[in-house]
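Biologist: I'd like to learn how to read a few local features in a model like this one. Could you take me through them?

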Amino acid sequence: MFSSFSSFSNPFRLPRFPSSGTSAAVDVKPVEVHDVEIQHDKRARTLKHLLRLNHVNNSIIYHDLEFHNHTAHILGSAYLFNAEPDHLNNIYNDESKELEPWKDSPNEVSTYDWRDYLGDARYQRAYVDFFEDELVLNGYDWRKVLVTYLFKGKEPLINNLVSGLGHPLIHLGYAYELSSRDLAMEALGMAATSYNHLHKYLDDPSYTKPSSNPSKSPLELLCRLQKDNRFEGVLSDPGPDNLEPLFQDHEAIMLEYWNAWQISDPTQDFKASQMAAAALLVASRKPGGAPYDFFLVHVLTTSHAVRILLPLLPPKYHIPLVRQWWLLTLSVYIAQLRPEILLSSVSDFDLKGRDWEWVNKQAIEAKHAMDAHFVKGLRAMKTAAETWGDDDRFYSKAAVRFGQEFDGWGGFGRSSTEGGRPSNDKYA
């Protein structure tokens with residue numbers, strides 16, 4: 001399956017959200033759905049069992065409510081890289097070593113007060129219980145529950161999926177790709193508990209203004225931002241501690257770049273954003289330099305999640321979702337001290353005969369095959385190549401270079417913890 005790019009002719013399709021009206025849309029084909037709930041081969045049954053085990057036993061946020069549970073992400077990615085059942089079991093055993101059991105919330109939430117506790121991670125158990133109760137009331141139609149709680153209301157959750165470093169967005173993508181109601185309810189729980197101030201930039205149209213210096217290229221804007229001396233000396237160390245002062249003290253410059261991306265051809269502009277996401281992770285690392293940036297990989301994996309979800313969303317949400325990703329990208333890039341992006345470090349990279357088969361092998365057999373973000377990063381680049389083509393081999397070169405050089409994560413700054421994990425991957 002992975003010896004060449006897969007086609008989009010599979011009879012199983014990701015179901016779409018109901019549409020309302022027309023708007024500028026990103027035209028990409030739905031990816032193949034792997035409905036592990038109904039497939040009977042051993043790999044699918046193993047994945048279904050492990051996803052359920054994680055759902056029942058482990059909280060979605062842990063380590064003093066700072067880390068997100070990535071178990072479903074690496075299990076899903078490895079499964080889609082054609083990993084065997086034993087490897088999936090090994091992944092679960094490795095991931096579960098540091099996870100924590102569910103803890104009771106201060107109280108339950110209901111249809112009358114569920115928005116009152118948004119952004120409070122202590123209510124993760126209560127939110128997942130609430131959404132699962134709604135699942136029962138809706139005849140176990142998890143897509144209907146998502147429609148109700150993602151899109152409805154004055155300030156819908158759909159406009160804040162990049163909170164928590166984009167984990168609600170990433171989780172939702174896997175829910176649809178694996179047709180998993182457990183992951184769908186967890187994604188809603190993540191969206192509710194990660195809810196923060198970023199929603200206002202999408203909910204309040206006054207933040208969107210014409211730009212005096214627009215560009216159709218997000219990569220060009222990142223390079224422009226890298227040279228912007230208004231940020232010189234503002235931040236001294238990379239990491240999540242930079243986000244609060246960034247939005248408090250430099251919001252105007254942030255929004256200047258946010259509004260500068262001119263999306264006039266949604267499909268081609270989204271294509272450019274996916275290339276920028278891969279470039280930001282791989283081409284910002286100098287060969288032989290510091291480790292790959294843990295936070296920049298989330299720019300890539302959230303872009304992948306956007307790609308999964310766009311074919312399913314009503315068109316009016318396409319550009320807002322892409323602009324959410326752009327806001328996350330800008331904030332992470334600045335907070336990580338705006339590393340220079342050297343495209344030649346990818347375009348001139350020597351593949352030495354290595355191809356996607358080699359990448360697939362790294363994802364399930366290499367030293368870091370148990371690292372969720374490493375595996376997700378490889379898969380995001382492979383899916384981008386499948387979506388847009390890879391005639392210039394940019395994605396294959398980026399993926400092979402990443403697979404060859406990766407040896408752990410950096411970019412944590414003073415917020416790093418013992419063992420190399422960030423102290424706050426809620427980040428945005």
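Predicted model: local features only at pLDDT ≥ 70, side-chain atom pairs only at ≥ 80, totals over all residues.

Biologist: Now the helices. How do I read the packing of α6 and α17?

Modeller: In general, two packed helices are described by the angle between their axes and the distance between the axes. Here α6 covers residues 167–177 and α17 covers residues 372–388; their axes come within 14 Å and cross at roughly 65 degrees. The crossing is left-handed.

Biologist: Which residues make that contact?

Modeller: From α6 it's H167, I170, Y174 and E177, and from α17 it's H373, K376 and R379. Sorted by class, the contact between α6 and α17 has 3 charged, 2 polar and 2 nonpolar residues.

Biologist: What about aromatic rings? How many pairs are there?

Modeller: For a pair, you look at how far apart the ring centres are, with a cut-off of 6.5 Å, and then at the angle between the planes. That rule gives 28 aromatic pairs. Take W261 and W325: the ring centres are 6.4 Å apart and the planes are at 70 degrees, an edge-to-face pair. W261 is in the loop between α11 (251–260) and α12 (266–282), while W325 is in helix α14 (residues 318–335), so to speak a link between distant parts of the chain, 64 residues apart.

Biologist: Are those two tryptophans, W261 and W325, buried or exposed?

Modeller: W261 has a relative accessible area of 4%, so it is buried. W325 is buried too, because its value is 2%.

Biologist: Which pair would you show me next?

Modeller: F394 and Y395, which are edge-to-face as well, at 5.9 Å centre to centre with 80 degrees between the planes. Both F394 and Y395 are buried.

Biologist: Where do I find a charge over a ring face?

Modeller: Look at R43, which lies over the face of Y79, 4.2 Å from the ring centre. R354 does this with W358, at 5.1 Å from the ring centre.

Biologist: What else can you tell me about W358?

Modeller: W358 belongs to helix α16 (residues 356–365). Its relative accessible area is 21%, so W358 is partly exposed. If you set aside neighbours within four places in sequence, W358 is in contact with V400, G403 and Q404.

Biologist: And how far is W358 from N213?

Modeller: C-alpha to C-alpha, W358 and N213 are 42 Å apart in space, and in sequence they are 145 residues apart.

Technical notes
Residues numbered from 1 in each chain as written. Heavy atoms only, no water. Axes fitted to C-alpha atoms, helices over the stretch in contact; angles between N-to-C directions. Helix = DSSP H or I, 4+ residues; strand = E, 2+ residues; numbered from the N terminus. Left-handed = near helix turned anticlockwise from the far one by under 90°. Contact = heavy atoms within 4.5 Å. Nonpolar A, V, L, I, M, F, W, Y, C, P; charged D, E, K, R; others polar. Phe/Tyr/Trp six-rings, centres within 6.5 Å; stacked < 30°, edge-to-face > 60°. Buried < 20%, exposed > 50% of the residue type's maximum accessible area, 1.4 Å probe, protein only. Lys NZ or Arg CZ within 6 Å of the ring centre and 35° of its normal.
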